[in-house]
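Me: Please walk me through this structure in short questions and answers.

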Amino acid sequence: MAVNLKELKRRRTFGIISHPDAGKTTLTEKLLLFGGAIQIAGAVKSNKIKKTATSDFMDIERQRGISVATSVMAFDYRGLKVNILDTPGHKDFSEDTYRTLTAVDSVIVVIDVAKGVEEQTENLVRVCRRRNTPIIVFINKMDREGKDGFDLLDEVEAKLGLNVCPLSWPAGMGQRFRGVYSLYESQLKLFKAHGKGEDAETVIFGDLDDDRLETELGDSLATELREEVNMVREVYPEFDREKYLAGELSPVFFGSAINNFGVRELLDCFVDIAPTPLARPAEERMVKPTEDKFSGFVFKIHANMDPKHRDRIAFMRVCSGTFERNTKYLHVRQGKQMRFSNPTSFMAEKKEVVDEAFPGDVVGLYDSGNFKIGDSLTEGEELNFRGIPQFSPEQFRIVHNDDPMKSKQLAKGLVQLMDEGVAQMFTRESDGRKIIGTVGALQFEVIAYRLEHEYGAKVSYEPMSLHKAYWIDEASDPVALKELRARRKNNLAYDTEKRLVYLAESPWMLKMAQDQHEGVIWRDTSE
Ligand code: G4P
């Protein structure tokens with residue numbers, strides 16, 4: 001159905017990313033409180049995947065299941081509809097996070113002022129930069145002693161490769177943290193209360209030259225703040241929205257999420273500058289959100305852990321037009337028509353059936369096994385939305401079928417779990433054996449458990465010491481490729497999309513193969 005421009009323009013769909021513990025959950029919760037989507041602090045927290053319980057995978061899966069409820073958190077703010085897509089913080093689920101990033105229009109990166117830029121943040125920002133996703137940085141935990149502001153910005157530029165432009169600057173830090181000066185609004189907000197969990201009381205100054213600054217901050221902090229803000233103005237580029245939207249300039253905010261300080265400044269600026277739903281690339285063409293015909297793609301699939309209810313929920317982002325309940329749409333990969341009677345929206349505390357959804361919205365579709373990640377739905381056009389490439393797994397094991405009577409069930413189970421994106425599977429060319437690759441060790445347990453309980457198949461694993469998977473580009477020189485196939489049979493495999501993959505034992509062995517087989521094009525991702 002025709003696009004509803006008014007609804008489209010109201011949408012702001014984004015994700016918050018961070019290294020675990022930087023404060024993503026706390027920030028999400030404060031944003032939801034501002035939007036009135038939740039009433040009490042702690043509502044989001046209870047759904048969070050605990051970071052320590054790696055031994056108890058069932059518990060983590062269960063918690064991951066619960067987190068379906070918080071997959072999308074929507075709230076209204078200043079007349080806009082803000083959709084926050086939840087990105088799991090647990091490292092073992094970072095592929096879920098990568099995929100969710102295909103469905104957002106911008107991101108906020110949370111960094112802990114004491115820890116600086118951490119590994120997972122680097123990986124996630126790299127994925128965003130490939131897509132030129134607009135990025136805002138929030139430096140959190142200013143109520144604690146941390147790194148010097150300027151040093152931290154240098155670190156953000158060096159490690160994340162971002163050009164930064166501070167839109168707020170802290171007055172002091174740790175015990176001396178007194179507030180933030182907003183360069184965006186030209187306002188200093190001083191922070192009165194200092195208790196954890198309490199909302200901050202603010203005193204506002206419009207001008208840093210105001211004499212009351214000395215009274216409020218003391219001579220030394222007042223001078224320091226004036227000098228630092230001047231320096232920020234000299235050293236960093238001015239904010240330029242076009243550059244931000246092109247992913248070329250990242251505004252930076254400072255604050256303390258737990259104390260709710262600096263959060264409203266972040267949110268107010270975010271709703272002013274963040275992009276409305278963006279166009280999305282399909283293999284065939286760019287799809288604009290303003291197009292009249294509906295289109296969308298599945299970026300995440302959640303299985304029900306209860307074996308009695310084998311249904312799954314496919315999360316679909318609307319890309320163009322208007323999605324309507326009980327309307328027939330084309331499932332492009334399968335070439336069949338599908339109709340959805342109970343499309344669901346997931347909000348922080350409630351789940352409801354939706355009649356219509358607009359570009360930027362995410363809808364949960366109940367699915368009995370039709371969908372796989374990346375699938376497109378349209379009104380009839382054959383569009384295949386481009387996802388993000390697969391990255392090499394970090395751990396590999398060979399699957400061993402422990403119950404040969406259940407081979408069929410095993411094959412089906414493996415295919416469905418891979419469709420959900422639980423792990424990657426490779427089939428070795430030399431002997432046809434199945435190799436599973438994951439980011440964390442936890443997934444191996446999850447897969448074995450689910451194969452047994454949902455499909456009745458029993459597996460064990462043979463350890464495999466591999467460094468990384470490299471995709472071999474089809475455009476490689478045919479002679480070199482033939483030679484590679486002849487000499488390196490045991491290293492070659494196919495992924496589930498039948499793309500040729502080289503499984504390298506070590507960086508050294510990889511280098512040797514690369515040197516020996518010039519003309520072969522090696523890729524560290526599937527694209
Ligand atoms: P995450 O989702 O990124 O993993 O981080 P989360 O929000 O859970 O925050 C991690 C820890 O950091 C939590 O403490 C949280 O209270 C604390 N935190 C968040 N923002 C701030 C801040 O601005 N200042 C300070 N000092 N701490 C902050 P925890 O002890 O793990 O949990 P809890 O017992 O406080 O709930």
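**Helices, sheet and one threonine**

Me: Which residues of helix 8 are buried?
Reply: Buried means under 20% relative accessible area, exposed over 50% and partly exposed in between, with a 1.4 Å probe and protein chains only. Helices (H or I, at least four residues) and strands (E, at least two) are DSSP runs numbered from the N terminus. In helix 8 the buried residues are Leu221, Ala222, Leu225, Arg226, Glu228, Val229 and Val232.

Me: What is the basis of these values?
Reply: The model is predicted: local features need pLDDT of at least 70, side-chain atom pairs count only at pLDDT 80 or more, and totals for chains, interfaces and linings use all residues. Residues are numbered from 1 along each chain as its sequence is written, and side-chain values use heavy atoms, with hydrogens and water left out.

Me: How far apart are the end C-alpha atoms of helix 8?
Reply: The expected span is 1.5 Å times one less than the number of residues. Helix 8 has 17 residues (219-235), so it should span 24 Å. The end C-alpha atoms agree, at 24 Å.

Me: At what angle do helix 2 and helix 10 pack?
Reply: Axes are lines fitted to C-alpha atoms, for helices over the stretch in contact, and angles run from 0 to 180 degrees between N-to-C directions. Helix 2 (residues 24-35) and helix 10 (residues 263-273) have axes 10 Å apart. Their packing angle is about 70 degrees.

Me: Which residues of helix 2 and helix 10 make the contact?
Reply: Contact means heavy atoms within 4.5 Å. Helix 2 brings Leu27, Lys30, Leu31 and Phe34. Helix 10 brings Val263, Arg264, Leu266 and Leu267.

Me: Which strands stand at the edges of the open sheet of eight strands?
Reply: Two strands pair if DSSP finds at least two bridges between them. The order is 27-24-26-25-29-30-28-31, with antiparallel pairing. Each edge strand has a single partner, so one side of each lacks a neighbour in the sheet. These are strand 27 (459-464) and strand 31 (522-523).

Me: Is Thr438 buried or exposed?
Reply: Thr438 lies in strand 26. Leaving aside neighbours within four places in sequence, its contacts include Pro393, Ala423 and Phe444. Its relative accessibility is 1%, so Thr438 counts as buried.
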